[in-house]
Amino acid sequence: MKSKNLLIVLGIFVLILIGFQIFNYDEFEISIDEDFLESIEDISKDASLVPEEIERGFEKVVKISLTAKEVSSEIEPGLFYDYWTYEETVPGPMLRVREGDTIELTLKNDESSKNPHSIDLHAVTGPGGGAVLTQVAPGESKTFKFKAMNPGLFVYHCATPIIPEHIANGMYGMILVEPKEGLSKVDKEFYVVQGELYTTDENGEIKFDYSIVESETPNYVVFNGKKTALSDNPLKAKVGDRVRIYFGNAGVSLVSSFHVIGEIFDTVYSEASFSSTHNNVQTTIVPAGGATIVEFDLEVPGNYLLVDHALARLDKGALGIMEVGGDENEEIYSEI
Ligand SMILES: [Cu+2]
C-alpha cells in the first residue's frame, strides 16, 4: 500500500517536472524569437537612389507604401546595432511627388518589430504631419492621405515616443515636392541625409543610450546611416556634369554646416525652399529637421569630400566622397 502511494507521489512529481520543463522550453523559444532581428549586410542608402524627375504637368493621386522594420546591421566594421528603419535602409527611400498631388500613404509595421512606429512628414499640413493617423503596432498597417500643397524638400521621420530614440535609430528620410513648374535639368542627382547615433557598449553589445541624447553629444554623426557609408560607396560623376544634392539633416540635435571640400555651391536653395536661391556659397547651414538643395558644375576631376564643416564630426562619420572622372583642366587648377 505504502509503495503504491509512493508511486503515485512520484508520478505526480514527474508530471510536475515535465510540465515545468515544457513551460520553460516554451518561454525559452519565445525569448529567442523576440530577440531575433534580421541581419542586414549594409544598412546605408546608396546616394544615387533618387527617383526619376516628374515629367507630367498635372496633379494626381500618388500611392506610397512604406514598411517600418527593425534590423541588425553594422555602424562600422564589427560593431552591430539594432537599427529601426523604413524599408530596411537608413535613410528610408527618397519620395518624389508634384505640388498639388494627393498622396495616399500606407505605413505597415513589420510583424517582427518590437515597437510601435509612425510617420511624420514635414510636407504634410495637419496635426502630427501624419503621425496622429499612423501609429501602428507590430503587424498593423494604416493609410492616410494628404495634399502636398507646398513645394520643397522635406524631412520625414518616425514620431512615436520616445521620438528622439526612433529618429536616432534610423527612422528618417526625405520627400521632394517638385514645384508645378518643375526643376531645372541637371546631369546627376544625389540623396544624402545626416543622422546621429547615441550608443553605449554594454559588455560588447552596442546599445542605444538615452542619457547621451539628453546631453546632445552623439557618438556617431553619419551620412546615410553608418560610418564610411559614402566613402565605401562614393558618389560618382564626371567633369562637365552639373550635380544636384538633396541634403537633409535628421538630427536629433546638431545643426549641420554642409560643405563640399574643393567645390563652391553655384546655387543653393536655402532651407530647401524653391522661392529663393543663393549663388556662390561655400557652406550652407542645415538645421535639425531641415534640408537644403545644392547645385554645382564640375570642372576639375578628382575626389571631393562632403563634410559637416564642424570638422570634429569627421571622425564620428560625417564624411562622404564624390569621385569625379574626366580630363584635367589646368586653366582652373594645376601645379606650377
Ligand atoms: Cu518608430
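I start with the core. The largest nonpolar core has 78 residues, and Phe154, Met174, Ile175, Val192 and Tyr246 have the most contacts inside it. A nonpolar core here is a set of buried Ala, Val, Leu, Ile, Met, Phe, Trp, Tyr and Cys residues joined through C-beta atoms within 7 Å. Buried means that 20 or more other C-beta atoms lie within 10 Å of the residue's own; exposed means 12 or fewer, and partly exposed is in between, with C-beta atoms placed from the backbone. In soluble globular proteins, nonpolar side chains tend to be buried together.

Two notes on the source. This is a predicted model, in which local features need pLDDT of at least 70 and side-chain atom pairs count only at pLDDT 80 or more, while totals for chains, interfaces and linings use all residues. Residues are numbered from 1 along each chain as its sequence is written.

Now the overall counts. The protein has four helices and 22 strands; these are DSSP runs, helices being H or I with at least four residues and strands E with at least two, numbered from the N terminus. Of the 336 residues in the protein, 40% are buried. Among contacts with a separation of 6 or more, 73% are between residues 24 or more positions apart. A contact means that the C-beta atoms of two residues, placed from the backbone, lie within 7 Å.

Ile64 sits in strand E2, residues 61-76. Is Ile64 buried, partly exposed or exposed? Ile64 counts as partly exposed because 17 C-beta neighbours lie inside 10 Å.

Next, the sheets. Strands of a sheet pair through backbone hydrogen bonds, either parallel or antiparallel. Two strands count as paired if DSSP finds at least two bridges between them.

E10 (residues 188-197) and E15 (residues 242-249) run parallel and are joined by seven bridges. Lys188 has Val243 in E15 as its bridge partner.

A second open sheet has five strands, ordered E14-E22-E21-E16-E19, again with mixed pairing. E14 (233-238) and E19 (283-286) stand at the edges with a single partner strand each, so one side of each is left without a neighbour in the sheet. Neighbouring strands of this sheet are turned by 25 degrees against each other on average, direction ignored. E16 (residues 256-261) pairs with E21 (residues 302-308) in the antiparallel sense over four bridges, and Phe258 is bridged to Asp308 in E21.

There is also a hairpin. E11 (residues 199-202) and E12 (residues 205-208) are antiparallel over four bridges, with two residues between them. Thr199 has Phe208 in E12 as its bridge partner. In the turn, Asn203 has a positive phi of about 50 degrees.

That leads to the backbone exceptions. Most residues other than glycine have a negative phi, and most peptide bonds are trans.

Where is Glu88? Glu88 lies in the loop between E3 and E4, and its phi is positive, near 70 degrees. Glu88 counts as buried because it has 20 C-beta neighbours inside 10 Å. Pro91 lies in the loop between E3 (79-86) and E4 (95-98), and the peptide bond from Val90 to Pro91 is cis, with omega near -5 degrees.

A cis peptide bond also joins Pro161 and Ile162, with omega about 0 degrees. Ile162 is in the loop between E8 (152-157) and helix H2 (163-168).

Last, Asn280 has a positive phi of about 60 degrees and is found in strand E18. With 10 C-beta neighbours inside 10 Å, Asn280 counts as exposed.

Methods
Axes are lines fitted to C-alpha atoms, for helices over the stretch in contact, and angles run from 0 to 180 degrees between N-to-C directions.
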